[in-house]
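The sequence and structure are shown first.

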Amino acid sequence: MNYVKREIANKKKWTDRFGYITDLSGIYILTREDEDGIKYAYVGQAKHVLTRLAQHLDGYQHIDLSLKKHGLWHSAENPTGWRINALNFPIEELDEMERHYIKYCAEKGYQLRNKTAGGQDNGKRGIAPNKPPKGYYDGVAQGEKNTLKKVATFFEKYLDVGIKGEPNKIKERKLNEFLEYIRSDAVEDE
């Protein structure tokens, strides 16, 4: 499914469940309560609220992943899913209103999923630790690290390693390099 079709389908998911959402500018407040009664909230702003919510269902930011994991609220089908409340405001008021509703949710006892105190202007500041985004090469490096750990375990527990043919200085050096490469304490230190 191409991007445009996914966006249309995602908008439909929101409007089917919460029909009153418009694509005007405004603030949206996502809330959910888990099975233990802990309340969570995320407050966002958008020039086009419905479009932004559709993007959340396709994205990979922290709130996007939580929406994918917990789904949208439905009384019987998914009672701990995310609910939405959307309020329309003029674009020039979005920064102020986002900060206001983040503070409001915090005062009401919600565990905030926002990373900043809101706004897109100079007043933006962090309220939660930000992990740097991981890219392709970070994933490749992590994959290599995981593979090294697994190979090291195989050799520590089940396999022997040795030199092929007659030993010589080069083969011994390469054997030592290999053993050092898969040494599990060296892998863990990286």
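## Terms and basis

A residue is called buried under 20% relative accessible area, exposed over 50% and partly exposed in between, with a 1.4 Å probe and protein chains only.

The model is predicted: local features need pLDDT of at least 70, side-chain atom pairs count only at pLDDT 80 or more, and totals for chains, interfaces and linings use all residues. Residues are numbered from 1 along each chain as its sequence is written, and side-chain values use heavy atoms, with hydrogens and water left out.

## Overall architecture

Seven helices and four strands make up the secondary structure of the protein. Their order from the N terminus is α-β-β-α-α-β-α-β-α-α-α. Helices (H or I, at least four residues) and strands (E, at least two) are DSSP runs, numbered from the N terminus.

The protein has 190 residues, of which 32% count as buried. A contact requires heavy atoms within 4.5 Å. Among contacts in the protein with a separation of 6 or more, 58% join residues 24 or more positions apart.

## Helix packing

Two packed helices are described by the angle between their axes and the distance between the axes. Axes are lines fitted to C-alpha atoms, for helices over the stretch in contact, and angles run from 0 to 180 degrees between N-to-C directions. Angles under 35 degrees count as roughly parallel, over 145 as roughly antiparallel, 65 to 115 as roughly perpendicular and the rest as oblique.

Helix α5 (residues 136-157) packs against helix α6 (residues 169-182) at about 115°, with the axes 8 Å apart. The pair α5 and α6 is therefore roughly perpendicular. On the α5 side, the contact is made by Glu144, Leu148, Val151, Ala152 and Phe155, and on the α6 side by Phe178, Tyr181 and Ile182.

In a second pair, the axes of α1 and helix α2 (residues 49-56) come within 8 Å and cross at roughly 105°. Helices α1 and α2 are thus also described as roughly perpendicular to each other. Here Tyr3, Glu7, Asn10, Lys11, Trp14 and Thr15 of α1 meet Leu50, Thr51, Leu53, Ala54 and Gln55 of α2.

## Two buried residues

Gly26 is found in strand β1 (residues 26-33) and is buried, with a relative accessible area of 0%. Beyond its neighbours within four places in sequence, Gly26 contacts Gly44, Gln45, Ala46, Val49, Leu87, Asn88, Phe89 and Leu94. The C-alpha atoms of Gly26 and Leu50 are separated by 9.7 Å, while the two residues lie 24 residues apart along the chain.

Asn78 is placed in the loop between α3 (62-70) and β3 (83-88). With a relative accessible area of 16%, Asn78 is buried. When neighbours within four places in sequence are left aside, Asn78 is in contact with His70, Gly71, Leu72 and Trp73.

## Salt bridges

Side chains of opposite charge can pair when their charged atoms come close. A salt bridge is a side-chain nitrogen of Lys or Arg within 4 Å of a carboxyl oxygen of Asp or Glu, and by this rule the count is five. Arg6 pairs with Asp58, the closest N and O atoms being 2.7 Å apart. This pair links distant parts of the chain, with Arg6 in helix α1 and Asp58 in the loop between α2 and α3, 52 residues apart. Both are partly exposed: Arg6 has a relative accessible area of 31%, and Asp58 is at 26%.

Lys11 and Asp23 meet in a salt bridge of 3.8 Å, N to O. Lys11 lies in helix α1 and Asp23 in the loop between α1 and β1, 12 residues apart, so this pair too links distant parts of the chain. Asp23 is partly exposed, at 29% relative accessible area. Glu7, Lys11 and Asp23 are linked in a network of salt bridges. Within helix α1, Lys12 and Asp16 lie four residues apart, about one turn of the helix, and form a salt bridge with closest N and O atoms 3.0 Å apart. Lys12 is partly exposed at 47%, whereas Asp16 is exposed at 55%.
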